[in-house]
Amino acid sequence: MLDSVLVANRGEIARRIIRTVRGMGLRAIAVHSEADADLPFVREADDAVLLGPANPAQSYLDVDKVLQAARTTGAQAIHPGYGFLAENAAFARAVIDAGLAWIGPDPKAIEQMGDKINARNLMESAGVPVAAGTREPVSDLAQAERAAEEIGFPVMVKAAGGGGGIGMGVARDAESLAKAFEQACRAAARFGGEPAILLERYIERARHVEVQILGLADGTVVALGERDCSVQRRHQKVVEESPSPGVSPELRERMLAAAVRAGEAVAYRGAGTVECLVDADAQDFVFLEMNTRLQVEHPVTELVTGLDLVEHQIRIAAGETYSLEPRVNGHAIEFRVYAEDPRRFLPGPGKIGVWEEPAGEGVRIDSGYAAGNTVTPFYDPLMAKLCVAGATREEALERGREAVAAFRIEGPKNNLPFCAELLDHPEFVSGNYDTGLVSRMRKA
Amino acid sequence: MAEVRAEMVANVWKILVSEGGVVEEGDTLVILESMKMEIPVVAEDAGTVSKLHVNEGDVVQEGDLIAVIE
């Protein structure tokens, strides 16, 4: 077994991983930027190493500095969290080459799934349904126009190497295609990658539903139920729940089986997520992409399965062999508490004056900040994840209303008023909603 | 004369106009970046950019003056 884990991340996820690492009796090592020196995750780790300035390129994304920190602290393993270096196959290889345990899948699986075009083709050959789309990277507008004609409008345009909704856009005609294509190219350039663009048939009124998988050390892949992530703004998730209220038992069975096949196709090890689009009316689905890391919204799965996913990631990385028969009980919902205004969702960093978290039965808070901290403009706006669980969806919704009302944050702008509004919105409450919900709420 | 101010703490990522340049209503003057999001700052009226108060890479605070349009 391992005796120490370096957490190459920041904020709420670093803190959450450190909690499990220490709970397992292992030494937790934090790394941080100058801007994050006062955050709880740095304080709660057994050791902390300053990487450099706030700019991620000089701190959290600097492979040499992270590896150096592992050497000087004698860390035996690295957990990358999500974002930053989590889906960087070269980093994963460098960690393994340095003789450390990499808490994630084989770098080859990261590579295979990191390129969205390759992933899509691979899934199609593994018998996982995919949307009509381009099988080769599109590199200029004329090609994109021909592809869009063939697929049929509306199409989704995205950078093959992108993630987190950045650079994604819907095109409904040739004119909006040019705009979406230019935006995707700009995003691709910012990731430092080739301008490889992917076009896919866009499904209107779709739900975004993903399956959590766990690849065990003996090679078997198990599915831990699904999460519905259809409450989105700018193609980024705001609220997630498990189970999905829009998936029938029959569809669930098919989706979980397909996710297991997806994992097996890349010999997946550890925690991963197979993202799909669900056509709720037709009760059918297509593969969207696979995230080869722990997901932001993993707590909802933990709340309904009773499993600690980080603990399983660590045990699997340590080569421990065991079998698992996951069962889903009750209902869980996660609200991402962002430092942003609740009307237009524009960033609102600032110093935190008051920070009072709700507590109570079925309430779990994964937060990255405390009173006196400053939310800076250098990183993503996620301050905390407010999670609620109940025996039924109704009970979870009610606990959500109480917890949202009891959460007090003063200083940075925050979207708690949006969460309260959502919890009283008939469409969300009915469970019959899709990815267009937030924009419909804001048009009214 | 119209003053264009920052709505939030942000980094000035790109400047798309220069002093003396003519802009139409809705033209993007500057792209700010905050919390991994690009935020275009647009001209609310047509006119001439008489003064630019920021450079690329600057950090602006909420309320800071970005440009003056006459």
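The structure is a predicted model, in which local features need pLDDT of at least 70, side-chain atom pairs count only at pLDDT 80 or more, and totals for chains, interfaces and linings use all residues. Residues are numbered from 1 along each chain as its sequence is written, while chains are lettered from A and ligands numbered from 1 in the order in which they are written.

Chain A contains 15 helices and 20 strands. Helices (H or I, at least four residues) and strands (E, at least two) are DSSP runs, numbered from the N terminus. The C-alpha trace of chain A spans about 55 × 50 × 45 Å along its principal axes. Of the 444 residues in chain A, 53% are buried. A residue is buried if 20 or more other C-beta atoms lie within 10 Å of its own, exposed if 12 or fewer, and partly exposed in between, with C-beta atoms placed from the backbone. Among contacts in chain A between residues at least 6 apart in sequence, 64% link residues at least 24 apart. Two residues are in contact if their C-beta atoms, placed from the backbone, lie within 7 Å.

The domain assignment divides chain A into domain 1 (4-103), domain 2 (132-201) and domain 3 (207-443). These bounds come from an automatic or database domain assignment. The centres of domain 1 and domain 3 of chain A, taken over C-alpha atoms, are 23 Å apart. Contacts between these two domains involve 25 residues of domain 1 of chain A and 25 residues of domain 3 of chain A. On the domain 1 side, helix H1 (11-23), helix H2 (40-44) and strand E5 (101-102) of chain A each supply at least two residues. H1(A) gives the largest share of that side, six residues. By class, the domain 1 side holds 15 nonpolar, four polar and six charged residues. Ala, Val, Leu, Ile, Met, Phe, Trp, Tyr, Cys and Pro count as nonpolar, Asp, Glu, Lys and Arg as charged, and the others, Gly among them, as polar.

Strand E9 (residues 207-215) of chain A is mostly covered, with nine of its nine residues buried. Both faces of E9(A) are covered. One side carries Arg207(A), Val209(A), Val211(A), Ile213(A) and Gly215(A), and the other carries His208(A), Glu210(A), Gln212(A) and Leu214(A). Nine bridges connect E9(A) to strand E12 (residues 270-279) of chain A in the antiparallel sense. Two strands pair if DSSP finds at least two bridges between them. Within E12(A), Val278(A) is the bridge partner of Arg207(A). E9(A) also pairs antiparallel with strand E10 (residues 221-233) of chain A, over six bridges. Here Gly215(A) stands opposite Val221(A). The hairpin of E9(A) and E10(A) has five residues between the strands, and Gly219(A) takes a positive phi near 100°.

E10(A) continues the pairing with E11(A), antiparallel over four bridges. Arg233(A) faces Gln236(A) in E11(A). Two residues lie between E10(A) and E11(A) in their hairpin, where Arg234(A) in the turn has a positive phi of about 50°. Strand E11 (residues 236-242) of chain A has seven of its seven residues buried, so it is largely enclosed by the rest of the structure. Four bridges, again antiparallel, pair E11(A) with strand E14 (residues 331-338) of chain A. Glu240(A) stands opposite Glu334(A) in E14(A).

In chain B, an open sheet of four strands has the order E5-E4-E2-E7, with antiparallel pairing. Strand E5 (37-42) and strand E7 (59-60) of chain B stand at the edges with a single partner strand each, so one side of each is left without a neighbour in the sheet. Six bridges join E5(B) to strand E4 (residues 28-34) of chain B. Leu32(B) has Ile39(B) as its bridge partner in E5(B). UniProt, in an unreviewed entry, places the feature "domain: Lipoyl-binding" at residues 1-70 of chain B. UniProt positions are given in the numbering used here, feature names are shortened, and annotations may be inferred rather than shown by experiment. Residues 1-70 of chain B are 0% helix and 54% strand, with end C-alpha atoms 4 Å apart.

Between the chains, nine residues of chain A are in contact with ten residues of chain B. The chain A side has seven nonpolar, one polar and one charged residues.
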